[in-house]
Amino acid sequence: MTALDIDQNQMDAILAEAPASDAQASFTRMQDGTLEDWKIIGAAHKQDFSKTADRFIGMLRQLEDATLGFSCDQLQHALMCGTLARRSGASTEHIVIALCHDIAKVINVPNHGPIAAEMMRPYISDDSYHVIYNHQAFQGEHYYHYLGAPTDLRKQWEGESWYPLAVKLVDDWDAPAFDPDFEVDSLESFIPLMREVFHDAPRPL
Ligand SMILES: [Fe+2]
């Protein structure tokens with residue numbers, strides 16, 4: 001069973017309905033909802049899935065407003081990270097997670113890894129999810145000694161299937177990606193890849 005404890009066939013049947021795009025549920029209290037209401041809501045949700053990629057793209061653009069004391073803004077950092085991933089021959093998914101690994105800094109910096117991982121979870125592999133969730137702990141190897149924190153946090157995950165990807169993303173793409181003069185690939189060049197990953201059929205969790 002999924003965390004939502006749903007019957008996927010029943011969910012698919014609800015999402016398969018296609019009522020008029022301006023249809024709205026009739027209830028004002030969820031306690032009074034009917035199956036017809038939920039068919040309308042399900043169809044509207046399905047239509048909304050097609051906006052996900054644009055939302056990620058919009059959030060990436062907002063990173064330009066966050067420099068956070070680094071030598072380049074967070075959009076340059078994201079684009080450099082994605083560019084390094086692409087030039088190393090990474091898969092589309094790995095390029096996109098590299099590009100978006102810090103995207104949740106738009107919302108909340110201290111918890112940005114877990115937030116970004118959860119945002120992307122319905123669209124990426126479990127390995128990629130764990131990499132993004134824990135990337136800051138891996139990054140700590142490069143600076144946590146300045147904060148009086150342990151630098152070997154990554155050791156606890158050495159046997160995990162996603163460990164090598166985390167090391168690659170953090171050490172090869174993320175950590176070196178703070179050069180304001182590096183000629184990055186444009187955000188527009190990544191959009192087709194983002195649309196491929198953040199498609200309109202998120203997998204149920
Ligand atoms: Fe980063």
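A residue is called buried if 20 or more other C-beta atoms lie within 10 Å of its own. By that criterion, buried residues make up 29% of the 205 residues in the chain of this predicted model. The chain contains nine helices and zero strands, and its C-alpha atoms fill a box of roughly 55 × 35 × 30 Å along the principal axes.

**Overall organisation**

- Read along the sequence, the chain follows the pattern α-α-α-α-α-α-α-α-α.
- The chain is divided into domain 1, covering residues 8-49, and domain 2, covering residues 52-197.
- A distance of 35 Å separates the C-alpha centres of domain 1 and domain 2.
- Of the contacts between residues at least 6 apart in sequence, 62% join residues that are at least 24 apart.

**The nonpolar core**

- In soluble globular proteins, nonpolar side chains tend to be buried together.
- The largest nonpolar core in this model has 39 residues.
- The residues with the most contacts inside this core are Cys-81, Ile-97, Ala-98, Leu-99, Cys-100, Ala-116 and Met-120.
- Two or more residues of the core come from each of the helices H3 (52-62), H4, H5 (92-100), H6 (112-120), H7 (126-139), H8 and H9 (187-197).
- Met-120 is in contact with Ile-97, Cys-100 and Ile-132, when its neighbours within four places in sequence are left aside.

**The packing of H4 against H8**

- Helix H4 spans residues 74-87 and helix H8 spans residues 163-174; the two pack at an angle of about 110 degrees, with their axes 9 Å apart.
- Angles of 65 to 115 degrees count as roughly perpendicular, and H4 is therefore roughly perpendicular to H8.
- On the H4 side, the residues that meet H8 are Cys-81, Leu-84 and Ala-85; on the H8 side, they are Asp-172, Trp-173 and Asp-174.
- The residues of this contact divide into four nonpolar, no polar and two charged.

**Leu-68 in the loop between H3 and H4**

- Leu-68 lies in the loop between H3 and H4.
- The phi angle of Leu-68 is positive, at about 60 degrees, although this residue is not a glycine.
- Leu-68 counts as exposed because it has 11 C-beta neighbours inside 10 Å, and the cut-off for an exposed residue is 12 or fewer.

Key: Residues are numbered from 1 along each chain as its sequence is written. This is a predicted model: local features need pLDDT of at least 70, side-chain atom pairs count only at pLDDT 80 or more; totals for chains, interfaces and linings use all residues. Axes are lines fitted to C-alpha atoms, for helices over the stretch in contact, and angles run from 0 to 180 degrees between N-to-C directions. Helices (H or I, at least four residues) and strands (E, at least two) are DSSP runs, numbered from the N terminus. Angles under 35 degrees count as roughly parallel, over 145 as roughly antiparallel, 65 to 115 as roughly perpendicular and the rest as oblique. Two residues are in contact if their C-beta atoms, placed from the backbone, lie within 7 Å. Ala, Val, Leu, Ile, Met, Phe, Trp, Tyr, Cys and Pro count as nonpolar, Asp, Glu, Lys and Arg as charged, and the others, Gly among them, as polar. Domain bounds come from an automatic or database domain assignment. A nonpolar core is a set of buried Ala, Val, Leu, Ile, Met, Phe, Trp, Tyr and Cys residues joined through C-beta atoms within 7 Å.
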